[in-house]
Amino acid sequence: MASRHTTTLVLASVMGACCIGRPALADSTHKVSLAPPAPKRAAAAAPATEGPGYVQWLESQSMLHQAERIGRRYMASREQWLHPYGLPQSKVLSGQASVWFAAYPAATITRPGENILHSLGDPGLWKAFQDIGVEAIHLGPMELAGGVTGRHFTPTVDGGFDRIGIRIDPFYGTDADFRALSKTAKAHGAMVAGDIIPGHTGKGPDFRLAERDYKDYPGIYNMIEVKKADWGLLPPVPAGQDTVNVPPDAVEKLYSKGYVVGKLERVIFLHEEGKESNWSCTAPVMGTDGVTRRWVYLHYFKAGQPTLDWLDPSMAAQRLIGGDVLNSLQNLGATIVRLDANGFLGLERTPGSDTGWSEGHPLSLVSSNLIAMMVRKYGGYTFQELNLTFDDIKKFSEYGPDLSYDFVTRPGYIDAVLTGDGSFLRLLLHLEHDYKIDPSSLIHALQNHDELTMELVHFTSHGTQTFALRGQTMTGKEVHDVINKEVRDKAVHSTTYNRETGNGVATTLTGICAAAFGIKDPYHMSPAEKEMVKKGHFLMALYNAMQPGVMALSGWDLLGALPVPADQVKALVAGGDNRWINRGAYDLMGYNPTATKAGSGLPRTLCLYGSLSDQLKDPNSFASMLKHALAIRKQYKINLAEQVDIPEVSKAGLVVMVHRLPDNGGIEVTALNFSREPLQDVIKVPLASGLASTELLSGAADARASASGDVAIALDGLQGKVLLFR
């Protein structure tokens, strides 16, 4: 699962900052108090005296305890029988909300003294969103995250994806602020999406209770008590740390003793923070029964993210996540939740091998289905971040989350813009059809907070299978290597402003366009160069906007953000995480023009297009062009269309998609020229035989299809057309 969001916010220990704010307000509208007030964070991670009543304090703060209190409220209630839940509701969801804004709260520049939830719930911003066509906002994880040492709450090590509570982190605002944002969105015809993190927590109260063997808390995690006689197999924990990574040779010994399933298929964040394996061990910890124990535990990502066990007899992980789901839907007012990294929910030994089986495991599939059905049962929807093979994406979508990110074709349009050749994108679209992955079940997203991933998991997993690409027959491995080389050569090795990651390229989409057009210094572009970048960027946006399903865009897209110069985030990229250059801070509405950074500390990045308030006054701006395209998408219900064909073309730069519109609305053809030069081609569209067409972006009459379905396509360089035949 490649597109991992794993981040270390500027709030986190890498910057030595703290997150001190007001406690969350109690929810007076509910019958029960869902959780204690969100604690203020300590300025440092120094141990505190545990003192009398420490275990009881931990339990009161734990996610499992809070989740069970919520669960009791809805147990055996009529509310769980009001909605269909057995099958995904992809088209129902995209019919209600087909254009999403993907927020990155840490990059949000607010008015002075304003918190992030107030800023993202601003009525002026929502008026602009509604004008553009945004119908949902995905906020990302905002609940309390990080860890606890003694009674001190420590900062997140993973951008909020190391959850330790269900209350909103005071840095972002309060539960009441979240509910207010949800109401504002609803008033503007939009939904709110939050996050469920079913794979792990942070090292918070739940983990501290698990270490102490308290009740069934150890059942939450993939953690195993190591007998004292075998402590010699474990590395010592350095002073000042509570856990340490287990080196591969020790993992093998633990495997031979039956403690762990062995090494896994891959080690994410290998060599970062001393990580050599996916297993860490604790220092000796005295349990509530007076017995001192050491534990070994699994973490796919960072040591501060112990992995949940979805098949422990206690079913503690299910109870914890179930309460979290209900809190998001019933307390905070979210309608949609994302299942983060849900391909990592199962683990077992592989017979005859010392490598454990985790990726694409059936338990991940079953657990994802379980969560998705529970969310639907209470009237919500889910989507998943799943960068696996086409085979697995198809399986995970059959009964599970309502939508999946379009990691299926996203690398293709990045390659197409960089090279001017749409061959790889056409291959991906054909494979999508071959595997019967319906584009209406996907979220076709532009920039997000991760790098632009180029793992091409399908091709590595089908490494010996052959594919036709650019007139050649290649193995999957060869396709992977060829595409990665050309993308990295063009986007990174020929520039000074983009950076490489293990998974792809750290940059923004305007950074990709600048590299594609050979711009050496994007921070001092000429008007002609800016226009070229905007054309390339809009072509990528049009590709996503003219597909069935959901289209998602970010603040970096709307404002045309460039990557932050690496020397401005030197402390953050020093550990090798180059993604910080594509996470620059931005001010959507221009409310705080003198701010040089966000409240998180992320530096303000250069934005080419200007604020939304300024762009919406200019019909030639990126936001206004996008607004026009999205209005066409909505008017002709392209979000609910059926993608029926990807016609063959003779020009390398041309990509064509054919859709049958709902309600007998006609045949829509999207034609995109990724090359820099004008082109002409004739394509076959049998469904349009004999019909006249209108080019919807310009409103002008265009080519008529011949009686045999031949359609003449004429496009300028980096131009797209949206043709309606009826």
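The secondary structure of the protein comprises 21 helices and 30 strands. Both are DSSP runs numbered from the N terminus: helices are H or I with at least four residues, strands are E with at least two. The radius of gyration is 25 Å, close to the 27 Å that the globule rule gives for 726 residues, so the protein is as compact as a globular protein of that length. This radius is taken over C-alpha atoms, and the rule is 2.2 Å times the number of residues to the power 0.38. Along the principal axes, the C-alpha atoms fill a box of roughly 85 × 55 × 55 Å.

The model is predicted: local features need pLDDT of at least 70, side-chain atom pairs count only at pLDDT 80 or more, and totals for chains, interfaces and linings use all residues. Residues are numbered from 1 along each chain as its sequence is written, and side-chain values use heavy atoms, with hydrogens and water left out.

The structure holds 9 cavities of 30 Å³ or more. On a 1 Å grid over the protein atoms alone, a cavity is a set of points where a 1.4 Å probe fits but cannot get out; a pocket is an open set with protein on both sides within 12 Å along at least five of seven lines; lining residues have an atom within 4 Å of a point. Grid points are joined across faces, edges and corners, and a volume is the space filled by probe spheres set on the points.

The largest cavity contains about 210 Å³ of space. Its lining has 21 residues, and Ala103, Tyr104, Pro105, Gly140 and His449 lie nearest the centre. By class, this lining has 12 nonpolar, 8 polar and 1 charged residues. Here Ala, Val, Leu, Ile, Met, Phe, Trp, Tyr, Cys and Pro count as nonpolar, Asp, Glu, Lys and Arg as charged, and the others, Gly among them, as polar.

The second largest cavity has a volume of about 120 Å³. It is lined by 14 residues, with Asn387, Phe407, Val408, Leu456 and Val457 closest to its centre. Helices α11 (390-398) and α14 (457-461) each supply at least two lining residues. α14 gives the most, with 3 residues. The lining divides into 10 nonpolar, 3 polar and 1 charged residues.

The second largest pocket holds about 440 Å³. Of its 22 lining residues, Gln318, Gly322, Gly323, Leu326 and Met374 are closest to the centre. Two or more residues come from each of α2, α9 (316-332) and α10 (362-377). α9 provides the largest share, 7 residues. This lining has 13 nonpolar, 5 polar and 4 charged residues.

Helix α2 (residues 63-74) also packs with α1 (residues 54-61), at an angle of about 55° and with axes 5 Å apart. α1 is therefore oblique to α2. Angles under 35 degrees count as roughly parallel, over 145 as roughly antiparallel, 65 to 115 as roughly perpendicular and the rest as oblique. Axes are lines fitted to C-alpha atoms, for helices over the stretch in contact, and angles run from 0 to 180 degrees between N-to-C directions. Glu59, Ser60 and Gln61 of α1 meet Met63, His65 and Gln66 of α2, contact meaning heavy atoms within 4.5 Å. This contact has 1 nonpolar, 4 polar and 1 charged residues.
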